[in-house]
Amino acid sequence: MTHINAHVETNRLERGKRALAEIDGEAGRKVIAALADIAPDFADYILEFPFGDIYCRPGLDLRSREIATIAALAAMGNAQPQLKVHIEAGLNVGLSRQEITEILIQMAVYAGFPAALNGLFAAKEVFAARNAAI
């Protein structure tokens with residue numbers, strides 16, 4: 001899918017739930033569920049703003065959005081759990097393992113070798129978990 005049409009549904013929360021399910025699948029559902037007992041409102045904010053508003057905008061397809069997200073999270077260097085979720089999401093929206101690996105190698109130039117290494121090890125874990133699930 002290239003993008004989720006923001007104009008089909010006007011309810012940001014419902015649109016965000018649909019987008020999260022399509023993009024992040026089970027990994028995203030687990031994040032939202034983990035917030036239920038500590039910050040359910042924060043879970044709604046995640047669904048409404050990034051997924052209900054930003055991911056549903058026209059202009060970039062979901063593959064392109066996940067490339068940008070994987071690169072940004074890897075460059076941050078302190079968001080391993082979120083990076084793993086978005087590596088899963090990248091695979092869900094059509095990125096290959098090779099493309100994800102190249103995105104992370106590219107981060108060595110702009111974010112440094114430690115950020116690239118951490119990203120590659122996160123990808124290795126996600127890929128191994130996917131292999132085990134097959």
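Leaving aside neighbours within four places in sequence, Phe-127 is in contact (heavy atoms within 4.5 Å) with Ile-87, Leu-91, Arg-97, Ile-100 and Thr-101. The model is a predicted one, in which local features need pLDDT of at least 70 and side-chain atom pairs count only at pLDDT 80 or more, whereas totals for chains, interfaces and linings use all residues. Residues are numbered from 1 along each chain as its sequence is written, and side-chain values use heavy atoms, with hydrogens and water left out.

Phe-127 is among the residues with the most contacts inside the largest nonpolar core, together with Ile-70, Leu-83, Ile-87, Ile-100, Leu-104 and Ala-123. This core has 17 residues; a nonpolar core is a set of buried Ala, Val, Leu, Ile, Met, Phe, Trp, Tyr and Cys residues joined through side-chain atoms within 4.5 Å. At least two of its residues come from each of α4, α5, α6 (97-110) and α7 (113-133), helices being DSSP runs of H or I with at least four residues, numbered from the N terminus. Another core, of 15 residues, lies apart from it and includes Leu-35, Tyr-55, Cys-56 and Leu-62.

The structure holds 2 aromatic pairs, defined for rings of Phe, Tyr and Trp (its six-membered ring) with centres within 6.5 Å and classed as stacked for planes under 30 degrees apart, edge-to-face over 60 and tilted for the rest. The rings of Phe-42 and Tyr-45 are edge-to-face, with centres 6.4 Å apart and planes at 80 degrees. Both residues lie in helix α3, 3 residues apart, or about one turn of the helix. The rings of Phe-51 and Tyr-55 are stacked, with centres 4.9 Å apart and planes at 5 degrees. Relative accessible area is 5% for Phe-51 and 7% for Tyr-55, so each counts as buried (under 20%; exposed is over 50%, partly exposed in between; 1.4 Å probe, protein chains only). Phe-42, at 46% relative accessibility, is partly exposed.

Tyr-55 is also in contact with Thr-69, as is His-86, when neighbours of Thr-69 within four places in sequence are left aside. Thr-69 is found in helix α4 (residues 62-76) and is buried at 18% relative accessibility.
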